[in-house]
Amino acid sequence: MTDIDVYFSFRSPYSYLATPEMLKIKKNYDINLILRPIFPVAIRTPETLFSPANAPRARYIQLDWPRRARFLDMSDKWPSPDPIVQNMSTLEVSEDQPYIYRLSYLGVEAQHRGKGPEFAFEVSHLLFGGTKNWHQADHLKNAVARAGLNLDELDVEAIKDAEVLDAEIAANQAALEAAGHWGVPNLVFDGEPFFGQDRIEMAVWRMQQKGLVARSA
């Protein structure tokens, strides 16, 4: 079986857009797709958000990701609430971040149970699918259940192992940088990064060059 790492952020719209293809290749090929959550740049290096050099990139993303979502016939709704607590006028990032830490920890725990890609698909579709107050009622619980997992069990482990999970997420970021990149979504196979939602097909092509085979029907 071929291992491939998927570096993923629960605030990244492009990570969300990659999830259908992630599940497709997991179903169709003999691969072990390993979800490796990382924290968004707003958590890792919030000072870069205030850089004038970052403004054109941010404007382009605001234009491009909804366009790409419509092209793929997917929802283009920004999460409500945003997984990052941030003043969008000043771009100031709050010290209190109840959502992104929980989502990232849950993603790691889901991967520990072999359901990382399924969790990423269901939860990112909840976030970007137009469900207001996705964190309330049973929205998140039901999404996690569709991935074949129990939210209450994941939450218990995430709270108990928060420091360990922080270290694992930091190790994910370091491994991505060691592979020669920084952004998500990013598939890394045999040390080679494939950055972007539109590079999954190319990653499969590379794996086929090195012996990847389709699953038998």
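The legends below describe close-up views of a predicted model. Residues are numbered from 1 along each chain as its sequence is written, and side-chain values use heavy atoms, with hydrogens and water left out. Local features need pLDDT of at least 70 and side-chain atom pairs count only at pLDDT 80 or more, while totals for chains, interfaces and linings use all residues.

**View 1. Phe8 and Phe10 form an aromatic pair.** Rings of Phe, Tyr and Trp (its six-membered ring) pair if their centres lie within 6.5 Å; planes under 30 degrees apart count as stacked, over 60 as edge-to-face and the rest as tilted. By this rule the model has nine aromatic pairs. The pair of Phe8 and Phe10 is edge-to-face, with 5.1 Å from centre to centre and 65 degrees between the planes. Phe8 is buried, at a relative accessible area of 0%, and Phe10 is buried at 1%. Here buried means under 20% relative accessible area, exposed means over 50%, and partly exposed is in between (1.4 Å probe, protein chains only).

**View 2. Tyr101 and Tyr105 form a tilted pair.** Their ring centres are 6.1 Å apart and their planes make an angle of 55 degrees. Tyr101 and Tyr105 are separated by about one helical turn because they are four residues apart in helix H4 (residues 98-112). Helices (H or I, at least four residues) and strands (E, at least two) are DSSP runs, numbered from the N terminus. Tyr101 is partly exposed at 27% relative accessibility, whereas Tyr105 is buried at 10%.

**View 3. Asp64 meets Tyr14 through a polar contact.** The side chains of the two residues are joined at 2.5 Å. A polar contact is a pair of N or O atoms within 3.5 Å; within protein, one must be able to donate a hydrogen and the other to accept it, and residues adjacent in sequence count only if both atoms are side-chain atoms. Asp64 belongs to helix H3 (residues 55-71) and is buried, with 12% relative accessibility.

**View 4. Tyr29 sits in the loop between helix H1 (13-28) and strand E2 (31-37).** Contact means heavy atoms within 4.5 Å. Leaving aside neighbours within four places in sequence, Tyr29 is in contact with residues including Val204, Gln208 and Leu212. Tyr29 and Ser216 are 187 residues apart in sequence, yet 8.6 Å apart in space, C-alpha to C-alpha.

**View 5. Phe121 lies in helix H5 (residues 116-128).** This residue is partly exposed, with a relative accessible area of 21%. Beyond its neighbours within four places in sequence, Phe121 is in contact with Thr19, Pro20 and Leu23.

**View 6. Helix H9 (residues 200-209) has buried residues Ile200, Ala203, Val204 and Met207.** Seen down the axis of H9, its buried residues fall within an arc of 100 degrees, so they line one face of the helix. The arc is that of the directions from the helix axis to the C-beta atoms. Among the elements that cover these buried residues are strand E1 (2-8), H1 and E2. After H9 comes Gly211, with a positive phi near 105 degrees.
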